[in-house]
Each structure stands twice: as C-alpha cells, then as structure tokens.
Amino acid sequence: MEGGLSSFWGPVTAAEWCEKNYVYSSYIAEFFNTISNVPCILLALIGLINALRQRFEKRFSVLHVSNMILAIGSMLYHATLQHMQQQGDETPMVWEMLLYFYILYSPDWHYRSTMPTFLFLYGVGFAMAHALLRFGIGFKVHYVILCLLCIPRMYKYYIYTEDASAKRLAKLYVATSFLGSICWLADRLFCKEISGWYFNPQGHALWHVLMGFNSYFANTFLMFCRAQQREWDPKVVHFLGFFPYVKIQKPKSQ
C-alpha cells in the first residue's frame, strides 16, 4: 500500500500486504510486517540453545536455524518489497517444510539415504524453478500441499503420545496455526475494508508472531517425540512456570 515517505529501495516489485509503505522509515517499507519477525528469531534461538545444550540430534539444530533464516528472509522481503527478497522469503519456506517432512517421516523410512538425497534435490530444483518461473498462486498451493503432507504423521505422534504436557504443545501448535491462518486470510482478502478502519490490526504481522510461536511449539513437540523414540526419558518443563521446553536424560552409554 502507498505510504508517506520516499523509498530507499526503489519501486515496489514484490507482493504488497495491507500495511502502508514507508510510514516510519524510508528504509523499511512495511514496518510492522518487518519487526514482527523478531519473536520468531528469538524463539528459534532459544530452541537452538536447548538443542545444542542437551546434544539433541543435529536435525533439530538445523531446524531451528532454518526458522531463523526464514524469519530473516521475511524481514528483508517486507523491508524492501523487492522481488528477489520475496523469493528469499518463499524459497526457505519450502526448504523448511522439506526439513519437517524429513524429521517426521525418516524414523520409519527403510532406505534412509534416499530420503535426504531426494529432498535435497527437490529443494534445489524448486529454488531454480521458482527463480526462473516466478510462481505466484502456484507457490501458495505447493506450500499448502507440503503442509498437508505433514499432518498425518503429526497426528500419529499426537495419538501415540501419552504425556499431557506434550499433548498441550501439539494443541498449541494447532491453535496458533488456526489463528495465524485467520489473520493471514483477513489481511489478504479484506484489505480494502480494513484500510478504512481507524485502526489497522496488522493481520500479516500477527501471522508472523503466531507462526513464530507455532514453529517453536511444533519443534518442541517433535523433540519430545524423538527423545521418546530414542528412550531419553523426555519431560516438558516450564521456564518461569510457563515457557515450555524439553528436558531429557540420556542413558550413560550415550
């Protein structure tokens, strides 16, 4: 949306959202959509520290780092509204979902070397195709399909988990997905009406914040489930009485 200040980055070449451009700074196109990625970075950093401190498998460290990369890419996209930066946001979204797919399905995959090889080649192929063809609605459909492919295994993990605190993490994951989707759709579909309001609720920025917590809850739940598979006696504990993380107790032989 058009705003007040002049643009440092030049004409807009990427998709815009329901926020006026360059209102607070000539260097940041969509201010709230940019800074709303900070919670995602901080939550991913907390998850990374926990994964490293307790020596979880490297896949979880990579997962938390991918969350941070995605948030940084989103910040650059919304700050500049340039096509290249938009692709720098969208391509890591797909890579991240491929990583979730690997974490969810690899424990039961008999030919273990084939899955990471296929997913790596798929990710590289998508990045090249997206750069050349500039997917629009096709990107969104593709991303939704990847998300839907992860749901059956997430549900399986949920029904086989007896720990009430771990189940609560899964429920928080679903709740933030639902609320975040509503915010995203409202911002996208009803921007004309929202623009006439006295106060813009910044639906896309709320989506970023909710997805930051969504990723953290999903990652923590998956760490718990993986620790159960490895017989590491996982427990969901709460820092300061409310912030959840997984604590494990590895056998001395490990």
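**Entry 1: ground rules**

I number residues from 1 along each chain as its sequence is written. The model is predicted, so local features need pLDDT of at least 70 and side-chain atom pairs count only at pLDDT 80 or more, while totals for chains, interfaces and linings use all residues; side-chain values use heavy atoms, with hydrogens and water left out.

**Entry 2: α3 against α4**

I looked up how α3 (58–80) packs on α4 (residues 83–105). Helices here are DSSP runs of H or I with at least four residues, numbered from the N terminus. The angle is about 160° and the axes are 8 Å apart. For these values, axes are lines fitted to C-alpha atoms over the stretch in contact, and angles run from 0 to 180 degrees between N-to-C directions. α3 and α4 are therefore roughly antiparallel, a term for angles over 145 degrees. The crossing of α3 with α4 is left-handed, meaning that the near helix is turned anticlockwise from the far one by less than a right angle.

I then listed the contact, which means heavy atoms within 4.5 Å. On the α3 side I noted residues including Phe-60, Leu-63, Leu-70 and Tyr-77. Facing them in α4 are residues including Pro-92, Met-93, Leu-99 and Ile-103. By class, the contact of α3 with α4 has twelve nonpolar, eight polar and three charged residues. In this scheme Ala, Val, Leu, Ile, Met, Phe, Trp, Tyr, Cys and Pro are nonpolar, Asp, Glu, Lys and Arg are charged, and the others, Gly among them, are polar.

**Entry 3: α4 against α5**

I followed α4 to its contact with α5 (114–133). Their axes come within 10 Å and cross at roughly 165°. That makes α4 roughly antiparallel to α5. This crossing is right-handed, with the near helix turned clockwise. Trp-95, Leu-98 and Phe-101 are among the α4 residues in the contact, and Leu-119, Tyr-122 and Phe-126 are among those of α5. I counted 14 nonpolar, four polar and one charged residues in the contact of α4 with α5.

**Entry 4: α6 against α7**

Next came α6 (137–159) and α7 (164–189). I found their axes within 11 Å, crossing at roughly 160°. α6 and α7 are therefore roughly antiparallel, and their crossing is left-handed. Lys-140, Met-154, Tyr-158 and Ile-159 of α6 meet Lys-167, Ala-170, Lys-171, Tyr-173 and Trp-184 of α7. The residues of this contact are six nonpolar, no polar and three charged.

**Entry 5: pockets**

I searched for pockets on a 1 Å grid over the protein atoms alone; a pocket is an open set of points with protein on both sides within 12 Å along at least five of seven lines, and lining residues have an atom within 4 Å of a point. Grid points are joined across faces, edges and corners, and a volume is the space filled by probe spheres set on the points.

The largest pocket holds about 1300 Å³. Of its 49 lining residues, Tyr-143, Cys-147, Trp-207, Met-211 and Asn-214 lie nearest the centre. α6 gives the most to this lining, eleven residues. The lining divides into 31 nonpolar, twelve polar and six charged residues.

The second largest pocket has a volume of about 410 Å³. It has 15 lining residues, with Val-62, Trp-95, Glu-96, Leu-98 and Leu-99 nearest its centre. α3, α4 and α5 each give two or more residues to it, and the largest share, six, is from α4. I noted twelve nonpolar, two polar and one charged residues in this lining.

**Entry 6: cavities**

I also checked for cavities, sets of points where a 1.4 Å probe fits but cannot get out. There are two of 30 Å³ or more.

The largest cavity contains about 50 Å³ of space. Its lining includes Arg-59, Ile-103, Tyr-157 and Gln-229. α9 (203–229) supplies the largest share of that lining, four residues. I recorded six nonpolar, one polar and two charged residues around the largest cavity.

The second largest cavity contains about 30 Å³. Cys-40, His-64, Gly-212 and Asn-219 are among its lining residues. α2 (38–53), α3 and α9 each give two or more residues to it, with the largest share, four, from α9. Its lining has four nonpolar, five polar and no charged residues.

Methods. Angles under 35 degrees count as roughly parallel, over 145 as roughly antiparallel, 65 to 115 as roughly perpendicular and the rest as oblique.
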